[in-house]
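Here are my notes for you on this one, point by point. Have the structure open while you read.

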Amino acid sequence: MTTVTGTAAAGTPETGPRGRFRDLLAAEWLKLWSLRSTPWSLLIGAVAVTAFNAGAAWDHYRYWDVLDPEARAGFVADGIPLRDAFTANAALVLLLAAGAIGATAVTREYGTGMIRATFAAVPARRPLMAAKACVVTAVAILFGVVVAGGSFLLTQTILGARDAGVSLGHPGAPRVVAASALLAPVAALTGLALGVLIRHGAATTVACFAVLLLLPAAVRENRHWAAVLDHALPLGAWNRLAVPDGFPPGPYPWTVSGAWTVYAAWALAAAALTVAVVHHRDQ
């Protein structure tokens, strides 16, 4: 009896080997890409975002001769090429697409009941959800870099035909591209956290739309409390980071570092919520 008990305690055959984190990452990567909606959402989102940006640049190219000489001379100095590089409409589409990807990564498992098998195979829920958050973040960053970088190159090529394009080394250009690219993982992690909380695909999509798009549209910077709320939202932070230097500030201006802090706070809070909630709730 002593020998059998000692062997079981040392080898723990009843529980099996503890999953390594890289194995969890690989499993979550496969699960995310096994969803048919993932590549289609990324493709449609990338096309829509790029189309909005290219459309803005094309309008300026097409109606260039309509602009008066003073407007054409100050086109680059006024920061218009950077505004065309990533427009507000493109940011809205990016938020919705990335948020949907993050939400689907977890709500599909709850909807099909696969989450029970997942938790049975990996009882340690915190590392499991941390791996899911890492995979969602990586995919969203790649998506953001592709659409932000591609939009910048395409729009500046269009404007370059009028000698109105700028390079990536232009003052303010790296910040616009980086802020637009990093908006995707912030939205994706927010969608993931909402999905863990709500667990229902349609309801989570509505919640993502309300938090990421509807709430920013409901507040304006005409009052201090509204400006504070707007500045605390991801879209408000993007608006601050994407504004070229020299643009007139609003009634309640704030700093670039404050906007980056909002990005970091939303991403960290969403990731922490994703990891913490499943530890205290059943399937």
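**Notes on salt bridges, cysteines and helix packing**

1. Glu109 is buried, and Lys31 is buried too; buried means under 20% relative accessible area, exposed over 50%, and partly exposed in between (1.4 Å probe, protein chains only). These two side chains meet in a salt bridge, 3.1 Å from N to O. The term stands for a side-chain nitrogen of Lys or Arg within 4 Å of a carboxyl oxygen of Asp or Glu. Because Glu109 sits in helix H6 (residues 88-112) and Lys31 in helix H2, the pair ties together parts that are 78 residues apart in sequence. Helices here are DSSP runs (H or I, at least four residues), numbered from the N terminus.

2. A quick word on the source: this is a predicted model, where local features need pLDDT of at least 70 and side-chain atom pairs count only at pLDDT 80 or more, while totals for chains, interfaces and linings use all residues. Residues are numbered from 1 along each chain as its sequence is written, and side-chain values use heavy atoms, with hydrogens and water left out.

3. Back to Lys31: what else does Lys31 form a salt bridge with? The partner is Glu28, with the closest N and O atoms 2.9 Å apart. Both lie in helix H2 (residues 21-34), 3 residues apart, which is about one turn of the helix.

4. Now zoom out a bit. The structure holds 5 salt bridges. Through shared partners, Glu28, Lys31, Glu109 and Lys132 are joined into one network. Another salt bridge links Arg20 with Asp23, whose closest N and O atoms are 3.2 Å apart. Arg20 counts as partly exposed at 46% relative accessibility, and Asp23 does as well, at 36%.

5. How many disulfides does the structure hold? The count is 0, where a disulfide is a pair of cysteine sulfur atoms within 2.5 Å. Take Cys134: the closest cysteine sulfur is in Cys208, 19 Å away, so that is too far for a bond. Cys134 is partly exposed, at 39% relative accessibility, whereas Cys208 is buried, at 4%.

6. Last, have a look at how helix H8 (residues 125-160) packs with helix H9 (residues 173-198): the angle is about 145 degrees and the axes are 8 Å apart. Axes are lines fitted to C-alpha atoms over the stretch in contact, and angles run from 0 to 180 degrees between N-to-C directions. By class, the contact of H8 with H9 has 18 nonpolar, 4 polar and 1 charged residues. Nonpolar covers Ala, Val, Leu, Ile, Met, Phe, Trp, Tyr, Cys and Pro; charged covers Asp, Glu, Lys and Arg; the others, Gly among them, are polar.

Technical notes: Helices (H or I, at least four residues) and strands (E, at least two) are DSSP runs, numbered from the N terminus.
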